[in-house]
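Trainee: Could we go through this one together, piece by piece? I'll ask as things come up.

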Amino acid sequence: MKQYNFDEIIERRGTDCVKYDGMAEAFGGKQGLIPLWVADMDFATPDFIVEALKRRCEHPIFGYTFANDAYYESILSWLEYKYEWKAERAWLTYIPGIVKGIAFALQCFTRPGDRVIIQPPVYHPFRLVPEAMEREVVYNPLKLINGRYEMDFAQLEEIIDPRCKILILSNPHNPGGVVWSRETLARLASICAKHHILVLSDEIHAELTYPPFRHYPFASVSDEAARSSISFMAPSKTFNIAGIVSSYAIVPDDKLRTTFFRFLEAGEFNAGTIFAYEATTAAYTQGAEWLQQMRAYVMDNVRYVNTYLQQHIPQIKAYLPEASFLVWLDCRDLNLPQEELVKLFTDRAGLALNDGSMFGPGGEGHMRLNVGCPRSTLEKAMSALEKVFNQK
Ligand SMILES: Cc1ncc(COP(=O)(O)O)c(C=O)c1O
């Protein structure tokens, strides 16, 4: 069995990647920070995907191309293999990115002034996209119970009114790293179905769920969930191909699907690219072993950070992610105003993390650390952070 090398340092500077080449602009012109922010990984995209793309490049014409049977079958088999979920081919469509998919659904199913519920602290485009479209964002903040986030159903029932049309769900949750249980998702589905609220379930981090946790596709948990949701999935985070733009939506309900697919069709938003189809098919037909090895490596990175913090910087606590390569750090014991907290990481430690406050209420006092990188990068980062505390 092939052993993949996740320790390899690959120079990404000079590829126009946001994480490195866009860092100075995002961090006030600061140079030389260690990039631990944008949610892609510093591992090589697996060889079987690169080979598939190269093979396609051997043909010299890149004309209009449709999604073939192998593409659909690869997705359906993967969903069954990973989640024991038998989706149907007719429910699937390519979409050019999950954030764009959410934006399309907002345009298709809501009007300006309609309300959209989100559960902060949560992935910031869930707030930014509806707001930019003049939809009103309503918060149903997560509750922290014994260091783990839970949904607040009582508060959800209180805030729902007839203007609430959509709830955007992060399943699993970014940045909190929570894998939602089947019961939680079914309860959410039942409340939303009762109030005719469409759930947009963003499942981009699902494939990187750590056993014994188990990911449940939202639409698979109950009939109500299937009837009242659009799910968004992608191989992009898992196989490190975000720049290829290869996502898909799954809509089991006939009526919702007809409306949504007609909208997508009208703007040809469902027309994928050659490389998206090739990369997705390769990932889902050949990717299981690579994913297992990558997941084990990233989990070790999580353990490394957690142990390091416990031993050297106990004022900062890591929530152990149940999925994804993103580690949410609780820095509230430092008692710093958010601006000072960000400066501590950026100016004093030389690290580029995501400022927790960008994820909305509940994000203050937190930072988000991306551990999808070689261990040696994390070792440098942790040691730089520790120095800040030793110098105090
Ligand atoms: C929860 C979540 N959804 C969506 C995205 C972005 O997906 P896309 O690039 O397909 O729009 C990210 C990227 O970090 C994410 O964390």
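Trainee: Where does P172 lie?

Mentor: P172 lies in the loop between strand 7 (164–170) and helix 8 (182–194). Keep in mind that this is a predicted model, and that the peptide bond joining N171 and P172 is cis in it, with omega at about 0°.

Trainee: And P175, where is its place?

Mentor: P175 is also placed in the loop between strand 7 and helix 8, and the peptide bond that runs from N174 to P175 is cis, with an omega near 15°. As background, most peptide bonds are trans, and most residues other than glycine have a negative phi.

Trainee: Speaking of phi, what is the value for E134?

Mentor: The phi of E134 is near 60°, which is a positive value in a residue other than glycine. E134 sits in the loop between helix 6 (125–132) and strand 4 (136–139), and with a relative accessible area of 58% it is exposed.

Trainee: What about N146, buried or exposed?

Mentor: N146 counts as exposed, because its relative accessibility is 80%. Its place is in the loop between strand 5 (143–145) and strand 6 (148–150), and N146 has a positive phi of about 45° although it is not a glycine.

Trainee: Changing topic, which domains does the protein chain have?

Mentor: The domain assignment gives domain 1 (18–45 + 288–390) and domain 2 (50–286), so you will see that domain 1 is written as two stretches, 18–45 and 288–390, while domain 2 is written as 50–286. The centres of domain 1 and domain 2, taken over C-alpha atoms, are separated by 25 Å.

Trainee: How many residues are in contact between domain 1 and domain 2?

Mentor: On the domain 1 side there are 31 residues, and these are in contact with 35 residues of domain 2.

Trainee: Now the inside: which residues touch the most other members in the largest nonpolar core?

Mentor: That core has 75 residues, and the ones touching the most other members are F239, I316, L329, F345, L351 and L385. Its largest share, ten residues, comes from helix 12 (residues 288–312), and the core draws at least three residues from each of domain 1 and domain 2. As a general matter, nonpolar side chains tend to be buried together in soluble globular proteins.

Trainee: What is I316 in contact with, leaving aside its neighbours within four places in sequence?

Mentor: With those neighbours set aside, I316 is in contact with L309, L329, D330, C331, L334, F345, L385 and F389. Apart from this core lies another, of 29 residues, and among them are I204, A234, A249 and F261.

Trainee: And A318, what is that one in contact with?

Mentor: Once its neighbours within four places in sequence are left aside, A318 is in contact with N306, L309, V327, W328 and L329. A318 has its place in strand 11 (residues 317–318), and it counts as buried because its relative accessibility is 18%, the cut-off for buried being under 20%.

Trainee: What about F232, buried or exposed?

Mentor: F232 counts as buried, with a relative accessibility of 0%, and it is found in strand 9 (residues 229–233). F232 and D7 are 225 residues apart in sequence and 31 Å apart in space, again C-alpha to C-alpha.

Trainee: Last topic, helix packing: at what angle do helix 5 and helix 10 pack?

Mentor: Helix 5 (residues 98–109) and helix 10 (residues 254–266) pack at an angle of about 110°, and their axes are 10 Å apart. The two helices are therefore roughly perpendicular to each other, since angles of 65 to 115 degrees count that way.

Trainee: Which residues make the contact?

Mentor: From helix 5 the contact is made by G101, F104, A105, Q107, C108 and F109, and from helix 10 by L256, T259, F260, F263 and L264. The residues of this contact divide into eight nonpolar, three polar and no charged.

How values were computed
Residues numbered from 1 in each chain as written. Predicted model: local features only at pLDDT ≥ 70, side-chain atom pairs only at ≥ 80, totals over all residues. Heavy atoms only, no water. Axes fitted to C-alpha atoms, helices over the stretch in contact; angles between N-to-C directions. Helix = DSSP H or I, 4+ residues; strand = E, 2+ residues; numbered from the N terminus. Parallel < 35°, antiparallel > 145°, perpendicular 65-115°, else oblique. Contact = heavy atoms within 4.5 Å. Nonpolar A, V, L, I, M, F, W, Y, C, P; charged D, E, K, R; others polar. Core = buried A, V, L, I, M, F, W, Y, C linked by side-chain atoms within 4.5 Å. Buried < 20%, exposed > 50% of the residue type's maximum accessible area, 1.4 Å probe, protein only.
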